[in-house]
Amino acid sequence: MSLSVDIECRVGGSDGFLLRPRWHTDARRVALFGPSGSGKSLTMQAIAGLLRPDRGRIEVSGRVLFDAEAGVDVPPRERRLAYLFQDYALFPHLTVRQNIGFGLRRGWFNPHGRRALPEQARRWVRAFGLDALMDRYPVQLSGGQRQRVALARALSTGPGLLLLDEPLSALDAGLRARMREELAQLQRDIDIPTVLITHDQADVQALADEVFHIAHGEIRGQAEPVRRA
Ligand SMILES: Nc1ncnc2c1ncn2[C@@H]1O[C@H](COP(=O)(O)OP(=O)(O)OP(=O)(O)O)[C@@H](O)[C@H]1O
């Protein structure tokens with residue numbers, strides 16, 4: 001994949017936060033690494049189309065998603081990317097089946113229905129071992145199970161790019177290491193480019209081939225992760 005981001009956006013009024021990340025990558029697994037409040041989530045939101053920049057351009061694998069000058073602003077639904085939020089953003093009043101179905105296009109979702117999920121979704125239900133959990137509610141799941149449901153929901157839409165915002169931060173240390181390895185395995189198994197936000201060097205080492213350092217809303221450097229021998 002290639003990803004080019006060159007945008008500027010003032011968030012929160014005239015003396016608010018100035019976001020102006022500028023980066024280009026041809027890597028398939030990218031991490032945005034930086035301290036709290038540096039603009040990582042806002043950058044992801046702009047890529048996803050949830051935050052409209054004041055200026056600039058966003059291009060993914062040759063497809064222009066946003067270009068202020070040319071008047072291009074592809075709606076979030078049509079960007080063909082999946083966004084996994086820090087807290088997984090599962091709907092508490094919907095079962096696992098309904099949560100996964102919710103992400104699908106073309107009106108699969110029916111809160112009272114028990115229709116079988118289409119194969120594109122069942123593939124992920126099987127891959128993440130969720131079959132026995134389909135009628136449970138999020139509150140009845142462990143942290144790792146919740147993460148798998150959120151991933152299954154995200155991947156079922158067949159996205160061209162996966163945005164992962166601190167996907168491991170809600171997990172305790174033991175589970176974190178295990179799910180990190182699961183995510184790395186997923187990246188090996190499927191050919192889907194990922195952009196990962198993290199504070200954690202271990203995530204960068206396991207899940208990224210190229211890392212961009214962000215501070216005060218700007219990209220300050222780029223490197224390859226240091227691999228442990
Ligand atoms: N809606 C908003 N209105 C005003 N300021 C905002 C808004 N959203 C975010 N900010 C500010 O923009 C800055 C960057 O926020 P962002 O959420 O991108 O940080 P982050 O790098 O993802 O941090 P963390 O690692 O803590 O999640 C922060 O200072 C934040 O307070």
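Predicted model: local features only at pLDDT ≥ 70, side-chain atom pairs only at ≥ 80, totals over all residues.
1. Residues are numbered from 1 along each chain as its sequence is written.

2. The sheet is open and mixed, with 6 strands in the order β8-β9-β10-β4-β11-β12. Strands here are DSSP runs of E, at least two residues, and helices are runs of H or I, at least four, numbered from the N terminus; two strands pair if DSSP finds at least two bridges between them. β8 (81-84) and β12 (218-223) each have a single partner strand, so one side of each lacks a neighbour in the sheet. From one strand to the next the twist averages 20°.

3. Within that sheet, β9 (residues 161-165) and β10 (residues 194-198) run parallel, joined by 4 bridges. Leu162 sits opposite Thr194 in β10.

4. Around the ligand (C-beta atom, placed from the backbone, within 6 Å) you'll find, among others, Val11, Phe17, Lys40 and Leu42. Helix α1 (residues 40-48) gives the largest share of this shell, 3 residues.

5. Now Met134, in the loop between α3 (119-127) and α4 (143-156). Met134 is partly exposed because it has 17 C-beta neighbours inside 10 Å; the cut-offs are 20 or more for buried and 12 or fewer for exposed, with partly exposed in between. Its C-alpha is 4.9 Å from that of Arg97, 37 residues apart along the chain.

Key. Axes fitted to C-alpha atoms, helices over the stretch in contact; angles between N-to-C directions.
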